[in-house]
Amino acid sequence: MTAVLATSSMLVSASPVPQQLGDALIITGNSPIDIQYSAGSVNADTVDWESLFSAQQYTSVPPATTPAPVVESTPVPEVTPTPTPTPTPTPTPTPTPTSEAPAPEPETETEAETSPSVGEESGSGGKALWGLDWSPYNTDGSCPDLATVTSNLKTVAGATGNIRLYSTDCSQLRNAVQAIKNANLGLGIHAGIWVTDGASRVDAEITELIAVAKQYGADLIKGVSVGNEEISKGMTEGTLIGYINTARSRLKAAGLGSIPVYTTDQDAHFTKAMADASDIVQINVYSIFDGSFSNIDASVASVIQRANTVKANVAGGKPVRFGESGWSSAGNTGPSPLTLANEISYAKKFKCAAQAAGYNYFYFEAKNADWKKGAVQSEQNFGIFTNNYTPKFDFSVLNSC
């Protein structure tokens, strides 16, 4: 369910964003690269999910030679597709480092001001949820301006004390920092570097991260995830660890070595070598795609147990945090009933279980992803807010455990 865009360009524009099974990517043009897709005919509600989970394939489509058609309206801004929950079987991870990617050598830096402080992150501030995955895009997929981001984050700040970003595109990191500072919103930002599109894009996004931290101060930036589910998308472990080390090295050189650097992936794909390279072990864990369903309590217990397995077998003593977990209020992912009542129940019980087990988390996600045009219904309905930031339920139900 995750689109893989394999290109050597610095920035990739996708409009509309391909998000549905069966879609094909066609890369056209020279620079900047335009991406079109042709919606497939697969109906996600009739997919045999159990067989699909056992053999995911990711295929890059070679560039076409026909120029992209000219669009007469205002050009669509560069938008990174926000990751969508990827179906995986409930695993018992037994990851091992590959020979191509040995764990990085221990850091020799001894200066306190350049060492990540992973234990001093901002709390939830008594809000309903510790953290939320946040995407800035307007309903039509375009990039919001600073005023819109400020308005949206004022609403989000009523529900959480932390937001997770996936990229720096659309000026989302810059706008978020400005909005939080100007409006004194009390949100911690956990930044993201988009690495799926290759080294040039990685370099550009690290440069933007450093520029924003230098201009506005690094106090709001509580960490940075280099990539999201890259191993799940097919990236080699060695390539991903190289990007993690590059980001850490550049931040240290810029005097920003106190910012924790890590990656995020599905629990079944997080290896010991990735944990060694990360300051935090951040995992995406869902039970909504499981091949059977009994009740929400069992679904919550499943994701907590999977996190415990990673903590015991992979993390090597480093903090483990949920990068994503949630429940859609509509659509079909298999046996799990996708209703608003179950979304509310899962959010409350997951929050309480994670809190009791000592895990911080980013709940997926802030608002419904209606901007993912052509995506299956379940992908568009994970938000706790509608696409215009109206609460889908009374968040006070989340305040007690």
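The legends below describe close-up views of a predicted model.

Local features are reported at pLDDT of at least 70 and side-chain atom pairs at pLDDT 80 or more, whereas totals for chains, interfaces and linings use all residues. Residues are numbered from 1 along each chain as its sequence is written, and side-chain values use heavy atoms, without hydrogens and water.

**View 1. Helices α4 and α6 pack with a right-handed crossing.** The axes of α4 (residues 199-216) and α6 (residues 237-253) come within 11 Å and cross at roughly 30°. The two helices are therefore roughly parallel (angles under 35 degrees). In contact (heavy atoms within 4.5 Å) are A199, V202, D203, I206, T207, L209 and I210 of α4 with Y243, T246, A247, R250 and L251 of α6. These residues comprise 8 nonpolar, 2 polar and 2 charged.

**View 2. A disulfide joins C143 to C170.** This is one of 2 disulfides in the structure (cysteine sulfur atoms within 2.5 Å), with an S to S distance of 1.8 Å. The torsion about the S-S bond is about -55°, so the disulfide is left-handed. C143 lies in the loop between β4 (132-133) and α2 (146-156), and C170 in the loop between β5 (162-164) and α3 (172-183); the pair therefore ties together parts that are 27 residues apart in sequence.

**View 3. Residues 89-114 have pLDDT under 50.** The predictor's confidence in each residue, pLDDT, runs from 0 to 100. For residues 89-114 the model has 44 contacts beyond four places in sequence. Residues 119-123 also stay under 50, with 14 such contacts. The protein chain averages a pLDDT of 80, and 69% of the residues score at least 70. Where pLDDT is low, the predicted coordinates should not be read in detail.

Methods: Axes fitted to C-alpha atoms, helices over the stretch in contact; angles between N-to-C directions. Helix = DSSP H or I, 4+ residues; strand = E, 2+ residues; numbered from the N terminus. Parallel < 35°, antiparallel > 145°, perpendicular 65-115°, else oblique. Left-handed = near helix turned anticlockwise from the far one by under 90°. Nonpolar A, V, L, I, M, F, W, Y, C, P; charged D, E, K, R; others polar.
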